[in-house]
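Me: I am new to reading protein structures. Could you go through this one with me, one question at a time?

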Amino acid sequence: MGRILVIAEHDGSELNPSTARCLSCAGDFSGLDCDVVVLAKDGKRVCEQAATLHDVSTVIRIDHDANEHALAAVQAPQIAKLAEDYSHVLGPSTTFGKDLMPRVAALLGVAQVSDIMSVISPHSFQRPIFAGNAIVTVETRAQDMVVATVRTASYQATADGGKATIESRALDVELPTHTRYRGTSGSGDGGRPDLQSASIVISGGRGVGSEKNFALIYQLADRLGAAVGASRAAVDAGYIANDHQVGQTGKIISPDLYIAIGISGAIQHITGIKDAGTIVAINKDADAPIFEIADIGLVGDLFTIIPELEKLL
Amino acid sequence: MDRILVCLKRAVDYNVRIRVKTDGSGVITDGVKMSVNPFDEIALEEALRIREKGETGEVVVVSIGTDACQQQLRVGLAMGADRAIHVRTDQALEPLDIARVLIRIAEAEKPGLIMLGKQAIDGDNNQTGQMLAALWERPQATFVSELTISGATATAVREVDAGLETIEFELPAVVTSDLRLNEPRYVKMPDIMKAKRKPLTTTELEELGITPQTRVTVLQTAAPPARQKGKMVADAAELVAELKRMDLA
């Protein structure tokens with residue numbers, strides 16, 4: 001029998017929702033117990049949050065000054081050491097997990113499976129390739145430890161109500177000092193819902209036309225309690241910050257409702273929204289590819305339509 | 001630093017419409033246009049700009065694969081790389097073995113930086129750079145949109161979910177490029193002619209003492225479940241009515 005270790009993603013004080021989604025995936029490995037590890041400078045608060053998640057056996061707390069910020073080169077040797085007691089090590093396929101998990105796998109001398117979207121058996125998974133244009137079923141060797149990232153958009157967050165024990169551990173591992181964290185600048189987005197876990201997302205594309213015009217998208221989003229996303233074209237044009245980008249190289253999301261405004265629908269963008277419950281597209285070009293996959297399409301000028309929607313909603 | 005090593009992967013061109021073989025054995029690649037993986041091209045462009053600023057002596061491109069990879073190495077040379085290394089094999093290598101091969105090259109070449117794309121647009125693994133950095137026991141800066149070299153250290157701005165993260169690290173190191181790092185230059189005709197005379201050395205994979213393994217077997221390749229085209233509405237009022245009907249507004 002095996003045991004699963006899930007790597008918690010957090011910012012030092014709050015557990016990222018991606019962790020609860022990873023735990024849902026872990027729950028699909030029937031019969032395997034699951035622990036969560038929190039690497040932090042002071043992980044008390046994050047550990048307490050992780051302990052309330054459903055189906056977690058033990059939350060392992062590893063406090064170390066070097067863990068103040070998530071640096072893959074610093075975290076990977078610690079996780080590789082812990083992994084000795086496990087058959088599976090899972091992290092989210094967010095930028096945090098993508099940076100970290102291959103480094104862990106290489107230290108362990110095993111392959112890494114990226115973006116698990118479904119678990120067929122403890123060693124067999126489905127994952128997307130070619131920007132989601134093909135889905136492969138892969139199998140890892142039975143004798144190998146499985147190190148993988150979980151495509152968080154494919155899983156709902158696991159429920160609360162767990163009562164895991166928290167266990168502090170110290171690891172005897174040498175940590176590199178060659179990499180130093182210098183800061184993060186994010187849009188923060190004024191208390192709006194998180195793009196990766198929001199139930200409604202409104203995205204703007206090149207058609208929005210300017211940074212100033214994005215205020216329209218924000219107004220509508222606030223009316224609906226939605227998070228704000230963007231196409232790569234809008235980010236490249238400087239209308240909005242990179243942390244809003246949705247798509248193959250941005251965020252892969254699965255809201256209940258996705259409203260794409262002034263987005264033509266390049267395949268790389270569609271990859272990021274395929275798992276949305278309902279897709280609404282508003283675009284002045286009736287031939288825009290986004291209409292091929294939208295559940296509801298509306299051809300027209302977004303500058304007329306958005307104010308109308310605000311009145312009606 | 002003396003040199004930067006840039007890894008170029010031969011991949012299906014990003015404009016190609018991907019089709020899955022009807023027998024589920026893979027994706028159709030016969031007769032399909034092949035190019036340098038776009039993220040690797042961005043990595044090469046950045047290396048060339050670093051050389052143009054006088055911060056490195058030379059830029060060496062490396063590719064691992066069949067003889068056809070030499071086409072992508074020639075593109076790299078035409079863009080401005082000084083020389084090329086082809087590691088020849090007919091096997092498709094997994095990221096961990098690619099990283100092991102690159103370590104062998106790094107041992108011989110002693111680059112100050114190894115640069116590559118954050119992912120290849122075929123396998124979408126996003127692993128090779130991180131694995132290489134782990135085996136090399138050196139820093140990694142992944143998803144980089146801005147890179148500054150100052151002597152023996154470098155500063156990178158990384159595109160992360162929370163925004164833009166800045167890290168500082170010692171060289172040598174591995175850097176993987178994100179889309180907004182730069183816009184690669186267009187290759188001009190005279191450069192293509194000149195590239196034909198630049199040195200390209202070929203090494204057989206076996207000569208490097210690496211025996212590739214199959215750790216992950218692809219059992220089946222399928223087309224994704226398609227989303228159907230839905231209904232078109234005439235105006236905002238109809239759209240809202242539809243959303244209300246679906247209990248979404």
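Reply: Gladly! One definition to begin with: two strands pair if DSSP finds at least two bridges between them. Helices (H or I, at least four residues) and strands (E, at least two) are DSSP runs, numbered from the N terminus. Please keep in mind that this is a predicted model, where local features need pLDDT of at least 70, side-chain atom pairs count only at pLDDT 80 or more, and totals for chains, interfaces and linings use all residues. Residues are numbered from 1 along each chain as its sequence is written, chains are lettered from A and ligands numbered from 1 in the order in which they are written, and side-chain values use heavy atoms, with hydrogens and water left out.

Me: Which strand of chain A is joined by bridges to β13(B)?
Reply: The two strands run parallel, with 3 bridges between them. In this pairing K231(B) of β13(B) has I296(A) opposite. The partner in chain A covers residues 296–299 and is strand β16.

Me: How many residues of chain A are in contact with chain B?
Reply: Contact means heavy atoms within 4.5 Å. Chain B brings 75 residues to this contact, and on the chain A side the number is 82.

Me: What is the area buried between chain B and chain A?
Reply: The size of an interface is often given as the accessible area lost when the parts come together. Buried area is counted with a 1.4 Å probe and summed over both parts. Carbon and sulfur atoms give 55% of the area here, and the total is about 6400 Å².

Me: Which element gives the largest share of the side of chain B that touches chain A?
Reply: The rule finds 44 residue pairs in polar contact across this interface, both at pLDDT 80 or more. (A polar contact is a pair of N or O atoms within 3.5 Å; within protein, one must be able to donate a hydrogen and the other to accept it, and residues adjacent in sequence count only if both atoms are side-chain atoms.) Several elements of chain B supply at least two residues each, including α4 (128–136) and β7 (140–150). The largest share, 8 residues, comes from β9(B).

Me: Which residue of chain A meets K229(B) in a salt bridge?
Reply: A salt bridge is a side-chain nitrogen of Lys or Arg within 4 Å of a carboxyl oxygen of Asp or Glu. There are 7 salt bridges between chain B and chain A. In one of them, at 3.9 Å from N to O, the partner of K229(B) is E292(A).

Me: How far apart are the centres of the two domains of chain A?
Reply: Chain A is divided into domain 1 (3–168) and domain 2 (188–312), with bounds from an automatic or database domain assignment. Taken over C-alpha atoms, the centres are separated by 30 Å.

Me: What residue forms a salt bridge with R151(A)?
Reply: Between the two domains of chain A the count is 1 salt bridge. R151(A) is also one of three residues, with A131(A) and A153(A), that together make up 50% of what the domain 1 side buries. The closest N and O atoms are 2.6 Å apart, and the partner is D275(A).

Me: Where is A131(A) found?
Reply: A131(A) has a positive phi, near 55°, in a residue other than glycine. Its place is the loop between β7 (124–129) and β8 (134–140) of chain A.

Technical notes: Buried area is the accessible area (1.4 Å probe) that two parts lose on being put together, summed over both.
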